[in-house]
Amino acid sequence: MTDARSFTPTAREFNLHQGELAASASAEDHGFADDFAAVLEHTSVHRSTIGCVIPAYNEEESIADVIEALLAQTRVPDVIHVVVNNTSDATVKIASEYSGPHELQTELGEQFTEVFVHDIGKNPDKKVGALNYGYSLVEGYDYLLGVDGDTIADTKAVEYLETEAVSDSRIGGISAIYTIDDKPIKGAIARFLTAGQRTQFAAFNLQNMLRGRNMAVLGGQFSIFSTNALRDAMKQNHQSTPWVKDSEVEDSLLSLQIKSAGYLTKISPYARADVGGMTTLSGYDAQQVKWTYGAIELMWPGQRGDTKGQPFHPNLRLRWFENFGMLTNLFVRVAFLTLLAGSLSIGAFVFSPLWLIPPVIAMLLNLRIARTMKNCNRSDVLFAVLFFPAELFMWIRISHFVRSWTRFLSRKKVDNWAMQAKAERGGGLGHWTPMVVLIAVAIALAVIWVMVGPMVQSSILWIGWPIVGVVTVLQTLLMFSKLVRRQHGFKV
């Protein structure tokens with residue numbers, strides 16, 4: 001294990017003029033809000049230090065590209081610490097090939113950095129433990145740059161993040177715009193899941209952009225944190241480390257704590273990074289269930305020792321809306337299919353063209369979201385306009401929603417990190433459970449429907465259809481408001 005505690009690089013001055021001009025031109029071309037453009041236009045020479053921490057677990061396929069992308073930055077981090085934990089592959093060996101000092105010639109002049117690789121072995125705290133270990137190595141720097149072991153950043157990503165962070169001392173952290181590079185993805189299921197995740201990322205990023213670029217979650221994939229903000233959050237919450245081990249969503253909890261400490265949590269309109277997507281149903285299911293389960297624990301007061309009962313904290317309001325939206329999607333779809341089957345069974349269904357309006361609005365909204373992607377491609381457009389792929393993906397997301405709430409309400413203690421790791425290796429069949437339950441419920445409803453008399457059947461249809469109709473109209477109006485809302489030229 002290489003130790004770098006004694007490494008304290010001096011702060012350097014960088015000439016940002018070339019980057020400022022390029023960013024300013026981009027802001028004018030795309031109509032971005034003036035606030036960030038002004039930051040770039042008036043940025044002067046400044047001094048700051050950035051310590052990069054890469055928590056890595058079995059990342060042999062991507063770790064080399066991650067490090068090379070950091071070494072290719074226009075603003076190279078002053079030090080890069082790769083913290084390998086619980087690994088069983090060649091991550092340490094591959095990362096160690098980049099260990100040592102690097103003198104680099106960049107657009108901003110000659111820069112120096114040093115790469116350290118730390119194999120901390122068995123670590124019960126997993127990613128949280130690796131992050132906190134890395135923090136102990138860079139806590140003396142001005143900023144901590146957190147990078148996942150499968151995230152490839154654009155060459156100007158660090159420069160953009162640092163420029164805005166330095167411009168405003170109120171900023172506690174800034175996240176890059178995340179997406180997934182689908183060019184190397186092969187296979188029908190993998191490409192379908194990737195297209196869905198790209199749309200999911202785009203919608204999330206755009207939503208945060210339009211909320212004043214306030215970021216509810218500073219994702220650990222590629223975010224920069226003010227170490228002053230981290231220290232204040234630790235002090236306010238009586239923690240010895242920034243990240244705590246008893247949360248399933250360590251990045252969401254830290255973002256909440258930074259916000260509560262009086263700092264801003266932002267998303268950059270320029271910094272971009274490609275993250276590693278899930279290419280199997282089991283892997284995607286395990287990841288989403290872990291994220292949703294952890295978010296529920298933050299939303300529901302008193303579940304863990306570090307929650308203070310803040311269900312309506314600004315960073316959690318969006319979570320509540322997301323969960324309410326998923327509940328509405330579940331109700332509308334299940335109720336519509338149930339009532340449709342019941343109506344057809346007694347010959348009482350009358351088709352109305354009005355029922356085509358919601359799916360058309362949904363397709364147009366998905367298409368608009370796709371068109372906001374900076375690297376929108378044919379797969380993104382087809383995913384949006386063909387309707388069936390997006391609808392199938394919504395059913396998959398609903399299954400994650402149901403599994404997460406079921407697991408939470410059951411009070412069953414599970415290691416969601418371990419379950420995700422198992423799923424990514426190809427193990428586990430839990431992702432099929434919602435489908436099995438849905439089929440069982442459908443059969444039970446069919447039996448009950450046959451058993452009740454015609455009068456009860458008519459009453460159910462007479463009451464059910466108006467309820468579904470009203471909820472669908474409200475949902476459609478919400479989608480339409482998003483469809484016509486100004487997007488101010490943002491590209492995600």
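Student: What percentage of the 492 residues in the chain is buried?
Tutor: The model is a predicted one, in which local features need pLDDT of at least 70 and side-chain atom pairs count only at pLDDT 80 or more, while totals for chains, interfaces and linings use all residues. Residues are numbered from 1 along each chain as its sequence is written, and side-chain values use heavy atoms, with hydrogens and water left out. If buried means under 20% relative accessible area, exposed over 50% and partly exposed in between (1.4 Å probe, protein chains only), the buried share of the 492 residues is 52%.

Student: How many helices and strands does the chain have?
Tutor: Both are DSSP runs numbered from the N terminus, a helix being H or I over at least four residues and a strand being E over at least two. Counted in this way, the secondary structure of the chain comes to 17 helices and 11 strands.

Student: Which residues does V82 contact, leaving aside its neighbours within four places in sequence?
Tutor: Contact is taken as heavy atoms within 4.5 Å. With those neighbours set aside, the partners of V82 are I54, A56, I63, I67, A95, F116, V117 and H118.

Student: Where does R198, the salt-bridge partner of D182, lie?
Tutor: The side chains of D182 and R198 meet at 3.9 Å, N to O, and both residues are buried. D182 sits in the loop between strand 9 (171-179) and helix 7 (188-209), and its partner, 16 residues apart, lies in helix 7.

Student: How far apart are the end C-alpha atoms of residues 459-480?
Tutor: An unreviewed UniProt entry annotates residues 334-361, 381-402, 432-453 and 459-480 as "transmembrane region", and such annotations, given in the numbering used here with shortened feature names, may be inferred rather than shown by experiment. Over residues 334-361 the chain is 61% helix and 0% strand, with its end C-alpha atoms 20 Å apart. Residues 459-480 are 100% helix and 0% strand, and there the separation is 32 Å.

Student: What is the relative accessible area of M451?
Tutor: M451 lies in helix 16 (residues 433-451). Together with W432, M435, V436, I439, I443 and V447, M451 forms a nonpolar surface patch of about 730 Å² accessible area, as given by the Shrake-Rupley method with a 1.4 Å probe, only the protein chains shown counting as cover for residues. Patch members have over 30% relative accessible area and no salt bridge, with like charges joined within 9 Å and nonpolar side chains (Val, Leu, Ile, Met, Phe, Trp, Tyr) within 5 Å. M451 is exposed, its relative accessible area being 66%.

Note on methods
A salt bridge is a side-chain nitrogen of Lys or Arg within 4 Å of a carboxyl oxygen of Asp or Glu.
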